[in-house]
Structures are given as C-alpha cells and as structure tokens.
Amino acid sequence: MNKTVKWILFVAGSLVALIVIAVIVLPMVIDVEKYKPQIEQQVTKATGRSFKLGGDLKPSIFPWVGVRLSDLHLGNPSGFKEKDFLSVASFEVRVKLLPLLSRNVEVKRFVMNKPVIVLEKRKDGKGSWEDLGQPSEKPAVPAKEKPAPSSTGELPIKGLLIGEFAITDGLIVWLDQAAGVRKEVKDIDLVLTDVSFDKAIGVAFSASADQKPLKLYGTIGPVGAQPGKNPVPMELAINLLNELDVKLSGRIDPSPAVPTFDVAVNVAEFSPRKVMGQLGETLPFEPADAKVLNAVALSLKLKGTPQNIVVSDGKLKLDDSQATFSAQVGEFDKPNLKADLNLDGIDLDRYLPPPATEKAGAASPGKPPAAPTAKKTDYAPLRRLVMDARFKAGELKVKKARMQNLEVRVSARNGIVRLDPLKIDLYQGSLAGTGTLSVQKEKPETAMELAIKGIQAGPLIRDVMAKELIEGAMAADIGLNFSGDTPDGIRQTLGGKGDLRFTDGAIVGIDLASMVRNVNTAFGLGQQPSEKPRTDFAELQLPYTITSGLVKTDGSRLVSPLLRVLAAGKADLVKETLDFRVEPKFVATIQGQGDTTQRKGILVPVMVSGSFGSPTFTPDLNAILEQRLDQSLPDKEALKKMVPSKEAAGKMVQEGVKGLLKGLGNQ
C-alpha cells in the first residue's frame, strides 16, 4: 500500500515537474517567429485586409499566458490614399492560466501603445471602414446554417479582474478627400483601474481634438456578476476646452427588457463666448449687448426609458436671469411633449441682433426686386405634434416694450395649435387673448381674439417707436381670422371685427382744429406754431369690420372740446386702395382738454383716396360752400372769393399733407 502511494506521488510529481519544465523551456526552444506568416494570413483572410506583424512575437505561458506584439499594420482596401487603416506600435496582454479552469479571468496587463486609426472617405463617398471584417475568400458552397446554441443568459466567465488596462498616445484621423478636410483626435489616453464585476471601475480618459482638450474621469459600476442585468451606478466628470465642466451622476439599467436611466446633470457656470472662442468660432449671431452670454449654468435630472424621457428640477442661469423648468417627451414619432418654464425676468433686446442700419446710397431707385418664390410648407410635423407647454415671466422687455406677469400656454393636438391663455400686464393696462392655428387642411387657418384694457399708448409708442403720435388710455376688442401662409393669401382671406378706443388723450403732431377750420391754414400751410401741434380729445373710437381683406369703418369718431370728427370709408388690403371721408363738426365751446385757442373759419371735410403708397387728400369744396357763414363773411360771394378753385385746393392739400406726414415721421 505504501509503495503504491509512493509511486502515485512520484508519478504526479514527475508530471508537474514536466509541465513546469515544458512551460519554461518550450518558449525558449520553439521558434514562434515562423508562425508569423500563418498569423498574418489568417488575419488577412478574416478581415479582408492586408495584415503585417513587423516586430517580434514574444509569447509567455506560465504563470501568465500572454503575448507581446509590436509594429502591427492592418491595411486599407485598394483605392485609398492612406496605406493603413490601423497601426499599433506595441500591444501586450497577459492572462493568468490556472484561474481559467474555473472560468475566472485574471488579466495582469492589457496595454496598447500608439494605436492609430485612419478613417478616410474617398471622393466617391466610400469609407475605408466599410466592408471591414468581410472575408477575402468566399466559400464556393454556402455553409449550412447551424442551429443557434441554447443560452441561459449567463456569461461564460464567473469573474473578471484586470490589473492594468491602458491605451496610450492614441490617434484618430478623419480624412474627407472630397471636402479636403483633415481632422485629428490625438493624445488619446484611457486608463481603467479596479476592473472587476464587484467593484466600481475607475475611468480616466483624455484627448485633444484639433488642439482642443477633452477630459473625462470618474467611476462606473460595479456592473455585478451578470453584467447587463443590473443597474450600473456612475459618477463622471467631463471637462471641455478647460472652460466647460459637466458632472453626471446616477445609474443606468441596461436591462434588455426595458432599459432605464436616472441621471443628474450639472453644468458649472461657463461663458459661451469663451467656449466659442476656444473652438475658433463666433456666436451664431452677435447680440446687441456685448456683455451677455458670459455666464450660463444648468442643472437638471433626466429619468426615463428610450421611449419616454422626463426632465425635472431644471434650473437655468442666463447672465442676470434665473429660470426653472421641467419637461416630458415621449412617442418620439409625434412627439408628445409637455413643458413648463418659469422665468424671473429678461431683457431680450440685449440678446437680439442690433437693428440693421441702412447705408447711404445702398438703395437703388427703380422697380423693387421680385419676391422669391415661396416654398410650400410641410405641416405634417404639426399635424402629428402633441404638446402642452406653459411659459411664465415676471418681467420681459422686447423691442423696448416693457411687460410684466406674462403667462402663455400653447397646446397642440390633431393638427390644431391653441394659444390659451395669453396674458400680459403692460403700461398700466393689460392684454389678454386666445388664438388657434389649424393645419388639418392643406392651407392653415388662423383665428385670434385680443382684449386690451387701460394701456397708456403714449409711453408704449415712445418706448417702441421713439415717437410721439398719440396719447391716452387704449382699450380694444380685436377679432381676426385668415387662411393661408403667404402675405397675399392672408390679405385675400382676412376677416374679423373689432373696436379700438382711446380716452382722455391727444393726437400729437396734428392740429385738426386748424386743419378743418380754414383751407388756407389747413394741413400745415399757414404759419407754423411755436409749439408742437396737437389735437386733444376726450375719446377716439375706431370700430371696424374686415371681409376678404376689405376693411370698413362706418362710425369712427373723435370727440374733442372743439370738434367732433367723423370718419367713414374702406381700405382694400388686396388692391391697397383707400376711400374715406373725414367730416369735422364744430363745437361751440373750446374749453376742456387744455385747448383754449380761439378759432374762426370754415370747416373743411376731407376725402382720402388713392393707394397706400400714394394717398390723395382732397377737400370737399361742395360741402364748404354749403356751410353757414360766420359774422366775418356776409354772403356767399365773399365765401367763394376766399375758397380757392378745386384744382388749387387739391394741390394745396397734397403739399400740406406731405409736409404733415414728414413732420409726423420726424416725431
């Protein structure tokens, strides 16, 4: 019995000794270099590309099975300028042998030095990466498909441990021969630490894209014993251009059933101007204020699946403005969008491009250039869109107009976009409205209703237009509807009705009392007053109706302490023509509204006709002759002597109106 045990131990020991000797001696006595041509041939056959091992092939067997290669080259297909698709200066991998027997992989080293990948695109559009992996030799007889082996979903290994994983000094080159573009991402370094299933894997990545640095570092994992079946935590920090810092924290569940993610995003304060400068680019537009877009910060939480994304706890800083927001989007083929944005305040004039200034002599006389042919708008995306978006702002300034307590809700479903409500406080008054845009038919149909209460017109016009035109409290009820999306189509279908009212105000730049009292002083032909002319009024009312682009008013009136001015007529927006009669009526008293100037003379009704571009103003001489004479005119013959001929009066009025309009334009 003892002899048997001794023989067994002797045989086992001998076998172990032989294995150890073989592991140590075999790499020394076997010339592996002679296998290089076979390796090159097999790689070429598998990839369809030429493969070359330029350096030595150095294997190791025990206790680490490994190989060290150098000067590797995987070529490009014919027709490309670059010889190599991939080249590697050196590559080394070492795996512990005995743990493999229990399906545990222990890697001592996985190091790749100076890998270079060249992505080249020929002038005909074909890329060097295409057809990669297709065998160079196709079998003459198609191989019979083998049934897929049954799978339990488990990995073929139980454990993984990598001591050193590094890719150093890498380079990726992009070549576009058609565009003559060459881009490089160089100095690529990737180091992974604590690579295993049950530990968080450390990640450190850096690169330089066209001399612009990129860094990423942090941890990912642990991935668990069954990667792909459990949520994977992550804590990553990204730095771009040494200017932009982004942090990502949360977890990603790569479950094949329903992948999910829950990630917090934090973008530290940065300057978009500096970022664009680092990129060698300018802003898409130059804001009017050169100090804006210098301080932006963002934070939010992202949660959802590939089919539905929820944004919550959103915070945005834009220079001096602060905003909170949330959103949800799903059914991306539509999409289905919900959004809510609350802004404390913003001066949009600082961000808009400055007003274009016309250069002297730039406009050439003659016929204006023909308008470009309008392209047909595709409303299919709007028909699919499902949306419910809300926006609130405490203060808003745009085009110099100041607004407060802005509230807007925009919804869309089944091809109908609704604006309801629209609420704005401005200039001691308010504006409220609703609107709809329907794209269910080929031509869009639009309708809107606006209600204005108590807005002070003077300050509003001075801020927006830098002019003094009219003063007083403005109120209005406005209804409009039209179809189409071209200027001509809108004018031809425009309809609606409304009423615009001003109370306790004045028309600045016009003295209607003088205009209608005497032809000789009408329209600014007489001696000009030292003060800016104005017409005070208690009420100015402008009711209107619109049908197919034809605007009519039958009861427009101005009530002032001295005058009652009535206006009636129509304006054709399609033909751009005017047809109005303005008829003044004298009021005995001249007290009120600050107008105390004594006035005498004849009331002058005015006929307004012509086109929008060239209106004509003609006094109604027949109406003048029918007026009653005042005490300074004892008979009609004297009146006829005072009143010029129709032709002369028309000329006087035309010149006067031109001067008056010029004066208004300079207000």
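This is a short walk through one predicted protein model, from the overall picture down to a few individual residues.

Hi everyone, thanks for coming. Let me start with the overall numbers. The protein has 667 residues, and 33% of them count as buried. In terms of secondary structure, there are 10 helices and 30 strands. The accessible surface comes to about 40600 Å², and carbon and sulfur atoms make up 59% of that.

Now to the inside. In soluble globular proteins, nonpolar side chains tend to be buried together. Here, the largest nonpolar core holds 34 residues. The members that touch the most others are Leu 406, Leu 426, Ile 455, Ile 470, Met 474, Phe 502 and Phe 537. Which strand gives the most to this core? That is β19, residues 401-413, with 4 residues. Apart from this core there is another one, of 21 residues, including Leu 53, Ile 162, Val 195 and Ile 201.

Beyond its neighbours within four places in sequence, Phe 502 is in contact with Ile 470, Met 474 and Phe 537, among others. The list also includes Ala 457, Ala 473 and Leu 540.

Glu 120 is buried, yet it has no salt bridge. How far away is the nearest side chain of opposite charge? That is Lys 81, at 6.6 Å, and a salt bridge would need a nitrogen-to-oxygen distance within 4 Å. So what does the Glu 120 side chain reach? One of its polar atoms lies 3.0 Å from the backbone nitrogen of Lys 81, and the side chain also reaches the backbone nitrogen of Glu 82 at 3.1 Å. Looking past its sequence neighbours within four places, Glu 120 also has contacts that include Asn 76, Phe 80, Trp 129, Leu 175 and Gln 177.

Staying in strand β5, we also find Asn 104. Its relative accessible area is 25%, so Asn 104 counts as partly exposed. Asn 104 and Lys 158 are 54 residues apart in sequence, but their C-alpha atoms are 5.4 Å apart in space. Next to that, a polar atom of the Asn 104 side chain lies 3.1 Å from the backbone nitrogen of Gly 159. Leaving out neighbours within four places, the contacts of Asn 104 are Pro 99, Lys 158 and Gly 159.

Now some backbone geometry. The peptide bond from Gly 221 to Pro 222 is cis, with omega near 15°, and Pro 222 belongs to the loop between β10 and β11. Lys 334 and Pro 335 are also joined by a cis peptide bond, with omega about -10°. Pro 335 lies in the loop between β16 and β17.

Finally, two aspartates with positive phi. For Asp 319, phi is near 55°, and the residue is in the loop between β15 and β16. For Asp 504, phi is near 50°, and this residue is in strand β24, residues 495-508. Buried or exposed, Asp 319? Its relative accessible area is 10%, so Asp 319 is buried. Asp 504, at 57%, counts as exposed.

That is my tour, and I am happy to take questions.

Technical notes:
Residues numbered from 1 in each chain as written. Predicted model: local features only at pLDDT ≥ 70, side-chain atom pairs only at ≥ 80, totals over all residues. Heavy atoms only, no water. Buried < 20%, exposed > 50% of the residue type's maximum accessible area, 1.4 Å probe, protein only. Lys, Arg positive; Asp, Glu negative; His and termini not counted. Polar contact = N/O pair within 3.5 Å; in protein donor to acceptor, adjacent residues only side chain to side chain. Contact = heavy atoms within 4.5 Å. Areas by Shrake-Rupley, 256 points an atom, 1.4 Å probe, with all protein chains shown as cover. Core = buried A, V, L, I, M, F, W, Y, C linked by side-chain atoms within 4.5 Å.
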